[in-house]
Amino acid sequence: MTSTVGPARGVTGVDAALTETVRRTGAAIGAVYLLAPDALVLRLEVLCGASAEIAAPWARVPLAAPAPVADAVRDNRLIWVGSHQEMVRSYPRTAMALPYPLALAAAPITGVRRWGSLLLMWPATRPPRLTRREQGRLASCCRRLAQLLEEATGDGRPLVVAEQPRVLPLDTARPPPSPTRAAADFAERLPGGSCALDLDGRITFLSSGCARLLGRDTGVLLGTLPWQSLPWLDDPTYEDRYRAAVISREPVSFTACRPPDRWLDFHLYPDAGGVSVRIVPTGGPPPATPAPRRETTRATPVRAGQLYQLMHLAAALTEVVGVQDVVDLVADQIVPAFGAQGLILSTVDSGRLRITGHRGYHADFVERFDAVPLSTDATPAGQALASGIPSFFADPGEMRRIYPEGLPTSAKQAWAFLPLIVSSRSVGLCVLSYDRPHAFPPEERAVMTSLAGLIAQALDRARLYDTKHQLAHGLQQALLPHGLPDVTGLDVAARYLPATRGMDIGGDFYDLIRLGDTAAAAVIGDVQGHNVAAAALMGQVRTGVHAHATLGEPPDQVLSATNQLLTDLDPGLFTSCLYAHFDLARHRVCLASAGHPPPLARLPDGSTAPVDVTPGPLLGVVPEAAYPVTEIPLTAGLMLLLYTDGLVETPGIDFDDSLAEVATHLTAADDRDLDLLVDALLRQIRPARQRTDDIALLALRSRTGPS
């Protein structure tokens with residue numbers, strides 16, 4: 001994928017604005033995240049003060065993820081995390097990928113649209129709170145970034161987010177690090193050894209004393225990563241100390257043993273341009289718990305960054321709900337984490353391998369290989385599932401040697417076939433593929449294999465959830481009315497919206513019952529819970545209300561009889577309910593409530609207020625409970641809005657304030673079309689991304705009656 005915009009289209013301005021913000025705020029690290037075209041993922045576009053490898057665990061952040069940069073965009077507010085302890089409390093998943101002392105701010109970049117988020121990080125030594133001046137600087141920078149992005153796309157060309165972030169030096173005026181003669185002479189005079197690392201961890205300078213202590217020639221070490229060029233430093237513990245210095249901007253020390261028995265103390269001193277390292281022989285005996293010696297036969301350990309990435313992805317997999325959530329997480333975070341370009345995620349179903357999600361493949365290829373039988377071991381997929389052992393192919397030739405007939409008919413050049421096993425049972429297969437030949441080093445294979453087990457657990461849970469969800473959803477849809485009857489003299493509109501978080505199956509219900517030619521009953525209710533039991537009880541309540549209403553009983557008796565039914569059944573769940581009897585001949589409405597929120601009445605002049613209905617107890621709580629009846633006139637143009645609490649209840653906001661907000665929107669709404677009015681009301685009050693509870697809504701407007 002191409003970069004966001006070329007230099008003529010504003011990238012240079014964005015880069016300069018980020019660098020200037022980092023400099024003015026004293027931050028150690030800065031980053032700009034931009035929304036991907038689908039507006040579901042934030043991608044790291046530009047990074048300042050750290051390497052791309054360090055930022056890899058959070059290079060792609062789903063907009064729905066519980067992460068500071070996502071919250072800033074989603075809630076359109078500044079997020080401040082003043083310490084690592086606060087990070088652990090507020091963002092435990094992010095804390096796993098950033099286990100260092102630091103402070104963090106994330107601010108939304110918003111102009112004519114949502115562009116993304118600005119992220120800044122400081123050492124933990126800074127004050128624990130942002131000053132008003134600092135907040136103003138962040139807001140000003142975000143406005144500037146939004147302006148630059150709008151100018152870059154002002155000609156109508158789309159914004160294309162880069163696949164890989166641009167990495168900037170913290171000070172663009174500073175030349176690339178290179179040793180000068182004076183600096184070299186200074187370092188040579190010091191005892192022990194001195195070296196310098198850039199922000200990627202590569203050695204940019206080392207003294208002759210340092211080379212002697214490390215046991216390698218200067219020319220061999222320059223430009224290398226120490227944990228790769230020095231086998232005895234190839235341990236994630238040492239790499240983690242370097243990462244801690246870069247991110248926290250605080251000095252770090254550790255002791256390591258150069259074989260066979262030479263103990264060395266390493267002192268790391270970081271700043272914005274890199275890390276200075278002093279190496280001296282250990283003055284005393286070895287530490288009580290020395291670093292483990294490296295054996296030549298031991299496999300290369302997993303890198304520290306990969307360990308944090310594995311923990312980060314593992315935490316993310318524990319939060320997925322349905323199968324599609326698993327597919328999206330693997331595609332958006334795991335595939336790019338390993339540099340892959342293709343994904344096929346399949347599940348085992350009735351002896352066949354059915355593709356549940358894919359990326360980087362054409363639809364005809366996916367259709368051709370969907371639902372292939374599992375009975376064959378002549379293919380890498382069949383063999384991986386039969387044996388439970390992952391298979392890795394660095395190039396087509398390697399696969400062709402083992403499976404002459406099993407080479408996929410795609411343009412991919414390398415593959416990892418990862419069986420998904422749960423309790424010795426195959427649940428599916430994850431295939432990562434590459435557009436070019438790709439060597440799979442032992443540490444990468446170890447991470448992939450570990451991650452496959454976590455994906456298998458998440459996929460198995462997700463399939464169970466989807467099965468329960470489909471059962472509950474089908475039950476609920478069967479029990480809700482498929483259509484509302486026409487009632488002469490009434491305009492009616494109804495809606496049911498599931499919650500956007502958690503299991504979006506609840507016990508909210510509504511109904512409209514014709515009671516002859518001149519009467520009708522409107523019912524709305526909410527059963528406690530969001531599961532199959534709630535949906536089943538909702539059907540019983542609706543049936544009970546319907547049965548007693550058609551017998552011609554008044555509102556209080558309808559609720560009393562239904563309450564007695566629930567008391568006898570004793571389902572262990574409570575139900576709120578509002579019953580309204582419309583007498584179109586006498587132009588009256590009689591209402592009775594079982595602990596349900598009051599309806600809103602909009603008068604013909606547009607003024608809106610709650611109807612003062614005295615509620616009785618919830619259904620199923622108090623045997624032989626009484627339900628007072630409230631009667632109001634049914635004038636021409638009067639609208640009643642019946643709703644469940646999902647429309648008005650918001651954590652941290654007073655119920656009366658929320659109800660007043662709904663009334664304000666209803667007053668201002670265009671009432672010429674009741675269906676359009678209801679849709680507009682839902683969009684304004686409960687956007688799709690913010691529903692924490694399901695909502696049932698029933699609007700009724702009288703066309704006849706005294707004016």
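**Entry 1: ground rules.** I number residues from 1 along each chain as its sequence is written, and I leave out hydrogens and water, as side-chain values use heavy atoms. Since the model is predicted, local features need pLDDT of at least 70 and side-chain atom pairs count only at pLDDT 80 or more, while totals for chains, interfaces and linings use all residues.

**Entry 2: aromatic pairs.** I searched the whole structure and got 11 aromatic pairs. Rings of Phe, Tyr and Trp (its six-membered ring) pair if their centres lie within 6.5 Å; planes under 30 degrees apart are stacked, over 60 edge-to-face, and the rest tilted. I looked at W80 and W122, which are edge-to-face, with 5.6 Å from centre to centre and 65 degrees between the planes. W80 is in strand 4 (residues 79-81) and W122 in strand 6 (residues 114-123), 42 residues apart, and the pair links distant parts of the chain. Helices (H or I, at least four residues) and strands (E, at least two) are DSSP runs, numbered from the N terminus.

I then checked burial, where buried means under 20% relative accessible area, exposed over 50%, and partly exposed in between (1.4 Å probe, protein chains only). W80 is buried at 18%, and W122 is buried at 3%.

I next took W227 and Y242, which count as tilted because their ring centres are 5.3 Å apart and their planes stand at 45 degrees. W227 lies in helix 10 (residues 226-229) and Y242 in helix 11 (residues 236-248), so this pair ties together parts 15 residues apart in sequence. W227 has 7% relative accessibility and is buried; Y242, at 3%, is buried. I also noted a cluster in which ring pairs link W232, Y238, F254 and F266.

**Entry 3: charges over rings.** I count a charge as over a ring if NZ of Lys or CZ of Arg is within 6 Å of the ring centre and within 35 degrees of the ring normal. R113 lies over the face of W115, 4.0 Å from the ring centre. R126 lies over the face of W122, at 5.1 Å.

Entry 4: I found 5 strands in an open antiparallel sheet, in the order 19-29-28-24-25. Two strands pair if DSSP finds at least two bridges between them. Strand 19 (490-497) and strand 25 (608-610) are at the edges with a single partner strand each, so one side of each has no neighbour in the sheet. From one strand to the next, the twist averages 15 degrees; axes are lines fitted to C-alpha atoms, for helices over the stretch in contact, and angles run from 0 to 180 degrees between N-to-C directions.

Strand 24 (residues 600-602) pairs with strand 28 (residues 639-643) over 3 bridges, in the antiparallel sense. Helix 20 (residues 655-668) lies across strand 24, strand 25 and strand 28, at about 25 degrees to strand 24. Helix 21 (residues 674-685) packs on the sheet and touches strand 19, strand 24, strand 28 and strand 29 (695-702); contact means heavy atoms within 4.5 Å.

**Entry 5: strand 21.** Why do I call strand 21 largely enclosed? 9 of the 9 residues of strand 21 (residues 519-527) are buried, so the rest of the structure largely encloses it. Strand 20 (residues 507-514) runs antiparallel to strand 21 and is joined to it by 8 bridges, with L512 opposite A522. These two strands form a hairpin with 4 residues between them, and G516 in the turn has a positive phi of about 90 degrees. Strand 22 (residues 575-583) is also antiparallel to strand 21, with 9 bridges; here A521 stands opposite H581.
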